[in-house]
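Trainee: I'd like to go through this one with you and check where the labels come from. Can we start with the picture?

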Amino acid sequence: MTARNRELANLVVVGVLTGLGFASVYIARQSVISAGSVSYALIFLGLYLAAHLVARVTVPSADPYLLPLTGLLTAVGLTEIYRLGPSDAFRQGVWIVVGVAVFALTLVALRNDFRVLESYKYLFGVSAVGLLMLPALPGIGTTINGARLWVKIGPLQFQPGELAKIALIVFLAGYLREKREVLAQGRLKDFGPLLVIWGAAMLVLVETNDLGSALLYFGIFLAMLYVATGRVAFVALGIGLFIGGSAVAYQVVARVQERVDIWLNPWQDPHGKGYQLIQSTYSIANGGYGGTGFGRGTFTTTGGTDLIPFVNTDFIYSALAQELGLIGASALLLVYMVFVLRGFRISMLADDGFSKLLAAGLTFAFALQAFIIVGGLLRVIPLTGITLPFVSYGGSSVVANFILLAGLMLVSNRANTQR
Amino acid sequence: MNRQITKLAIVALVLLSALVVATTYWQTWAVAGLAGRQDNAIQRVAQFTVRRGLIYTADGKLLAARRAKKANGQTYYFRRYPAGDLAAQLVGYSTQSRSRAGLERSMNDYLTASNSHLNTVLRRTLDRLKGATITGNNLVLTIRSDAQRAALTALDKNCGAAVAIEPSTGRVLVMASSPSYDPNLVEGHFGAIARRAQGFNCSPPAPLVNRATDGLYTPGSTFKVITAAAALDTGTFKPDSTFDDPGYCIEYGKKVSNFADQSGPEVFGHVDFVTALEHSINAVFCEIGKKLGPLTVLEYARRFGFYSDPPLETPSNERAPSGLYDHGRLFLPHDPNQVDPGRLAFGQERMQVTPIQMAMVAAGIANGGVVMRPYVVEKVVAPGLRGSTISRTHPHELSRAVSPETAAQLTQMMQLVVESGTGTAAQISGVSVAGKTGTAETGASGVNTTSFIAFAPAEAPKVAVAVILENQHGVGGRTAAPIAKTIMEALLRKGT
């Protein structure tokens, strides 16, 4: 069986699962949701078949599991978003269509050799910082939930930080490939451009109050530096710097202090600052082993008021954990693990430094982002608002992650073709 | 670079595995602790998706029922209390706006089928798999609805409480707290509860408080039963021990007079112990208290259950321990000089008691000196017409307070109180009643806390009762004793 036929078979399985998910929401909530909603599942399957056809033409040898896994994650997310609010689900559906389109465009544009990106690495580096600074610009920047992350132009609203993440990874892959030998020697002056880009990114992040992304970017930076140089000392130094920086930030930045205090004891202010995290914990706990079932969880008062603010973005995992239970939540995390394993496998199979670094960076970014948001909800680390890749409601996140997927598939196709 | 990539992959997998571990923690170990928290808004709503178990009295009267309501595509089951104010504080309430109280709170696990009994776990799991609505277990209480209603009616507009216990088992047959309230008003009409309680003779009326287990009162002379128990059981005095009553007792060089009626302080002269209890002579008990010492008296109080929360299935914050209170805190002296033994002996000093504790005292003597652990939940039953019994409460000995001989002597002495002493208002024709009156001064002139404890029939007790009333102008034998009589009559009528 060829890779693409395997992908097709997997997609059909995902399509059936999606149909089951929508059907169970429909059955559980008959009085609210129309029967036609099951057609969502069909449209969904059609969309992924289209993506599959593009992949068949452009990247015939690429990994056959990534696209179906993505389909599964977006399906789970869309089903839960639909269950929480049908109108949001429509918008999310549109964003998934846009995401698939961008995915297809990326594949088509870079089908011959994606490594041309390497020659534009500084452009990517600069645009990463530029994108990060956009929300800080007066007039178009918008603050939501305490973080200045959004850019609003007319009716369009997006988070440029998500795209900046991809740009940063491309820059790091190109730069580190070129400088890895000299960097491994540990001469300070070679770190200059790296530190400048990184420092600028950090500064912008502190400015925009987006702690989750700060952690994400820093993690990506350290991971890629380690892969390029193999120097554990750099990682240790970086983590040391981060802990030191965090200690200072805890003293100076009120928002950091608040987040850490809530993490340590959310019950110190159960109706104020700790409210979201506490109710999210209760939501997870209410799921138990088997969950309440799709559509049967409790997210609103009997009057219809939301009990957990931002439940379909930052807190979607709490909603899923309640309805799917430990079994379903663990299965979801396993999907992330399989995706991540496939990503690292691609990185290992690639035979040039840029491809390896690019795939490792994209994959680790994906894993770390899932860890930061879910770990925050589970109180493994302080909670910071960030999206769960492919699952959370949010257009920029969906589109950016489809680009990430396209990147991995391009690397994979090239690695598999050459063998 | 592949070595580094492998290591990075391991790091990423460890991070994601940590999430599985953490999710497991929150969805298994932590569940029980989180579900019961009062600020759990999810649970506060989710609990209404369970068909909450029903609550019945011993004679099958429905106290707590369900009311189904559809909203947002979910069916919610809210509470309806068809018996209204009948056992409001005991049953409590389960609402959205004010969470839970009473048995609705403490027995919540059973009522929502989240308890760990195998039968319940299986049924819950099956319901879940079938997609059926989970149904909670039903409760059958020990309360007798006829006597409970009689008690509430007899309490009338008085503030106070009445408790009746079956001495041989500890079954609580009546637990009435006045003013009561209509639990149907808690959700949505909370303000009406306080307004309706305004006609009662206390301020604030605090109808939500379960005075039977949480109300602390000065016992006055009903406490003499404990002093007498200590006096007889230690062998320090006998029923025929004689005393000289000058009408007062000297303590710390000051006179403590007998209770004053219309003709001034009474003086009884040469009396025996039996007469002293019959007529509740303070001066005699003052001397007995000084002879025994306060620590001995308190030790006997402890044997009857003082100094611990009255054992009952209601939430622990709705029960208060009886004992000496110093500045609002329970106080157990280790040095006899910290306590005035004379005043303690006749239930003044800083002694505070709950009605249920005094009912336990009466029940202990009625049961030959053994205090049975009081209980109010007879059994937990699986839902359905012929639901199997999930658990049944078995009678359990709490403590031996006094010897059977002492109990017999006290019974005879208390019978005389009702036959010819201060408690004649509690006489029931054809039944021998043993009792003791109490009238405690509150500091405000002419305003007393009155009480009465009793059990009947004296030779084979089937019911022990305690009544305590606030802000009374009369004495215990005239105010509390008739209420106790009404309750005992109601309970003896059909046999318990």
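Trainee: Is the crossing where H1(A) passes H2(A) right-handed or left-handed?

Mentor: Right-handed, for H1(A) passing H2(A). A crossing gets that name if the near helix is turned clockwise from the far one by less than a right angle, and left-handed if anticlockwise. Before we go on: this is a predicted model, where local features need pLDDT of at least 70 and side-chain atom pairs count only at pLDDT 80 or more, while totals for chains, interfaces and linings use all residues. Residues are numbered from 1 along each chain as its sequence is written, and chains are lettered from A, ligands numbered from 1, in the order in which they are written.

Trainee: What makes H1(A) roughly antiparallel to H2(A)?

Mentor: The axes of helix H1 (residues 3-28) and helix H2 (residues 39-58) of chain A come within 9 Å and cross at roughly 165°. Angles run from 0 to 180 degrees between N-to-C directions, with axes fitted to C-alpha atoms over the stretch in contact. Under 35 degrees counts as roughly parallel, over 145 as roughly antiparallel, 65 to 115 as roughly perpendicular, and the rest as oblique. So H1(A) is roughly antiparallel to H2(A). The helices themselves are DSSP runs (H or I, at least four residues; strands are E, at least two), numbered from the N terminus.

Trainee: Which residues of H1(A) and H2(A) meet?

Mentor: Among them are Leu8(A) and Leu11(A) in H1(A), and Phe44(A) and Leu45(A) in H2(A). Contact here means C-beta atoms, placed from the backbone, within 7 Å. The residues of this contact divide into 10 nonpolar, 4 polar and 3 charged. Nonpolar covers Ala, Val, Leu, Ile, Met, Phe, Trp, Tyr, Cys and Pro; charged is Asp, Glu, Lys and Arg; the others, Gly among them, are polar.

Trainee: Why is H11(B) called oblique to H13(B)?

Mentor: Helix H11 (residues 224-233) and helix H13 (residues 282-292) of chain B have axes that come within 10 Å and cross at roughly 50°. That value makes H11(B) oblique to H13(B). Their crossing is left-handed. Ala230(B) and Ala231(B) are among the H11(B) residues that meet H13(B), where Phe285(B) and Ile288(B) are included.

Trainee: Why does Phe103(A) count as buried?

Mentor: A residue is buried with 20 or more other C-beta atoms within 10 Å of its own, exposed with 12 or fewer, and partly exposed in between. Phe103(A) has 24 such neighbours, so it counts as buried. Phe103(A) lies in helix H4 (residues 86-109) of chain A. Leaving aside neighbours within four places in sequence, its contacts are Ala51(A), Phe402(A), Leu405(A) and Ala406(A).

Trainee: Which residues touch the most other members of the largest nonpolar core?

Mentor: Ile220(A), Met224(A) and Ala367(A), out of 155 residues. A nonpolar core is a set of buried Ala, Val, Leu, Ile, Met, Phe, Trp, Tyr and Cys residues joined through C-beta atoms within 7 Å. Helix H13 (residues 353-377) of chain A gives the largest share of this core, 17 residues. Leaving aside neighbours within four places in sequence, Ala367(A) is in contact with Tyr336(A), Val340(A), Ala12(B), Leu15(B) and Leu16(B).

Trainee: How many residues of chain B are in contact with chain A?

Mentor: 39 residues of chain B, against 52 residues of chain A. H1(B) gives the most to the chain B side, with 18 residues. By class, that side has 24 nonpolar, 13 polar and 2 charged residues.

Conventions: Contact = placed C-beta atoms within 7 Å.
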